Amino acid sequence: MADLSLRHVSKRFGQVEVIRDLSLEIPSGEFAVFLGPSGCGKSTLLRMIAGLETLGAGEIHLGGARIDTIAPGDRGVAMVFQHYALYPHMTVRQNMAFGLRNIATPPNEIERKIADAAEMLEIAELLERKPGQLSGGQRQRVAIGRAIVKQPRAFLFDEPLSNLDAALRSRTRIELARLHQRVRATMIFVTHDQVEAMTMATRIVVMNQGRIEQIGTPMEIYQRPRTRFVAGFIGAPAMNFLPVAAVREEAGHLVVTLPGGASVTTTVPAAGLRSGAALTLGVRAEHVHPGSGAPARVDVIERLGERTLVYANLSDGSTIVYDEPGDVVLQVGETVHIAIDGAAAHLFDAQGMALHG
Amino acid sequence: MAEAEGGIGPSHWTNAAFVAPYMLILLGMLFMPLCLGIWLAFQDYDMLGGWSGGVGIENFQNLLDDRIFRGTVRNTLKFVLMTTPAFVALGLFLALALNNTLRRSALLRAIFFGSSVLSVTIVTLVWRLVYLPDRGLLANALGLFGLPGVDLMTSQVWALPAIAIVTVWWIIGLPMTLFLAGLQQIPPELYEAAALDNAGRWRTLTGITLPSIRRTIVVVAVIEVILQFQLFGQALLITGGGPDNSTRPMVQFIYEAGFRDLQLGFAAAASQVLFALMLIAALAQFWAGRRKGV
């Protein structure tokens, strides 16, 4: 199993620079998720690793050997495509055997590998069918099976769950996590869905505009976002962002005032920040509590069953969302008072960089 | 049922009105002539002498005994066997070579298709100049290599292949375009998957591309068989059917029997033979195409 290493990789399509001088190390056996909005370059990056796109500059190494100069088939990677890309005229068995035949694998070994993969993925009874006779979920399994039989050093997944319905998607997430535990191969998974990233990744690479915003474990990314972009991209509902001003210091920590006038004591060291600096306070819904504090008018109530999201407008018109377990007895238009858990709040400077305590 | 329910549900006489224009044309221009032709094939019908009653299968017996007709069947079959594989192979080759977004390819596609719009008269005129024994392009080209010029148009062996070459040059655009359309239906992801599956160019062609356009190949083959069985203009204008009937196609025989000799019954019988041959060939293609895989 191999370390994947991207060194100063860049790529442009015409005038558009899609990957900007990107370097990244993925240790062997990781389940790395490239997460970002559409057009952030995550798929392009994956395709560059696969060899389906050329590099503008830089190098890619897998298991210590440079791979960006060799043909896709020789790189030791297998890819599961967004639309599966199964060969429609071949049976499931032929689909899985195609790559192995091309490298002159002995027929009995091909059969053994297919049988093993089919058993693992529970598709043994589908082997003689053609892709057109399979459901979306079954095709998905076949596509994964086609990758498994090659025993690649790295698996590449290009948004493979986006064509599945919600129930199947969450089941497949669990199965992929299980598969990763079982085959222990390096897996790189591209998605724009933060739930997929949070649930499956051992390491998330958050990308934006061709650059890496942050690399970290799911909880690191969630709890300590390095930029305002990461903070806003991860988590549902999205993090609240409120314009605040730094007012004073309290025991070395910065105190800021909300639009309504209420103040919040953060855990961010005050050193180096002048009073009155314009900052952005970021706080997740679970760290906003009703009861005391700034007044806000309830705008929308979303009942999700196990919890309820309340969207309320502060006096300056900015919206803040908080959640409560179970149901609430509020009405739209009522006034609530909300307090922010300063210890869990984040502060971002004018460039969108987090100020960490 | 209430009329308000419109077209869905029980049939209504206005529905027929929508189909009527097409049905009238189909019946009047296709179905009736077909039936009339079949009927005519069993009659003694002379355009000057008029109808002299049914003659059973006499027309067909006469055809069977007619050495020239048997020759035209042979010529036509030979011509179909020469041109159809050429249309499929060359059309596919051109489509594969030009299936990209380069400007050069767009130009070449237009050029290869361009000749299809020419009338048979122009095409044969151009190629007669090419085939001209002493001063033609072919003779000049051979002369460059010190080879003697050949007169293809008067050679019993080469006249039919020469007409086949003209035909392929003339209408290669249609199979090329059909194949291009077929190739563009193949999802690019399949080729990417094949690249990751270590498939080389040849393996990709035989394992991915050709199976993916199998239906198009059948369609092109069927279309070309049907078209090439109807060889007429090129043969008439380049060789007139000669030398010694070696290039005379069935349609020319039918034309001469019907419109020169005015024996409509006899010509109609020959038409039925041509129709039967085309039907058999086309069905065989469909059958072969379907058998190769579901």
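1. Domain bounds, as used in this note, come from an automatic or database domain assignment. On that basis chain A is divided into domain 1 (4–233) and domain 2 (240–355), and the C-alpha centres of these two domains of chain A lie 38 Å apart.

2. The structure is a predicted model, in which local features need pLDDT of at least 70 and side-chain atom pairs count only at pLDDT 80 or more, while totals for chains, interfaces and linings use all residues. Residues are numbered from 1 along each chain as its sequence is written, and chains are lettered from A and ligands numbered from 1 in the order in which they are written.

3. Between the domains of chain A, 7 residues of domain 1 are in contact with 8 residues of domain 2 (contact: C-beta atoms, placed from the backbone, within 7 Å). The domain 1 side of chain A comprises 3 nonpolar, 2 polar and 2 charged residues (nonpolar: Ala, Val, Leu, Ile, Met, Phe, Trp, Tyr, Cys and Pro; charged: Asp, Glu, Lys and Arg; polar: the others, Gly among them).

4. The contact between the chains takes 15 residues from chain A and 16 residues from chain B. On the chain B side, helix 9 (188–196) and helix 10 (201–212) each supply at least two residues (helices: DSSP runs of H or I, at least four residues, numbered from the N terminus). Helix 9 of chain B gives the largest share, 6 residues. By class, the chain B side has 8 nonpolar, 4 polar and 4 charged residues.

5. The largest nonpolar core has 104 residues, and V33(A), L156(A) and I188(A) have the most contacts inside it. Such a core is a set of buried Ala, Val, Leu, Ile, Met, Phe, Trp, Tyr and Cys residues joined through C-beta atoms within 7 Å; buried means that 20 or more other C-beta atoms lie within 10 Å of the residue's own, C-beta atoms being placed from the backbone. Another core, of 51 residues, lies apart from it and includes L92(B) and A270(B).

Notes:
Contact = placed C-beta atoms within 7 Å. Buried ≥ 20, exposed ≤ 12 C-beta atoms within 10 Å, placed from the backbone.
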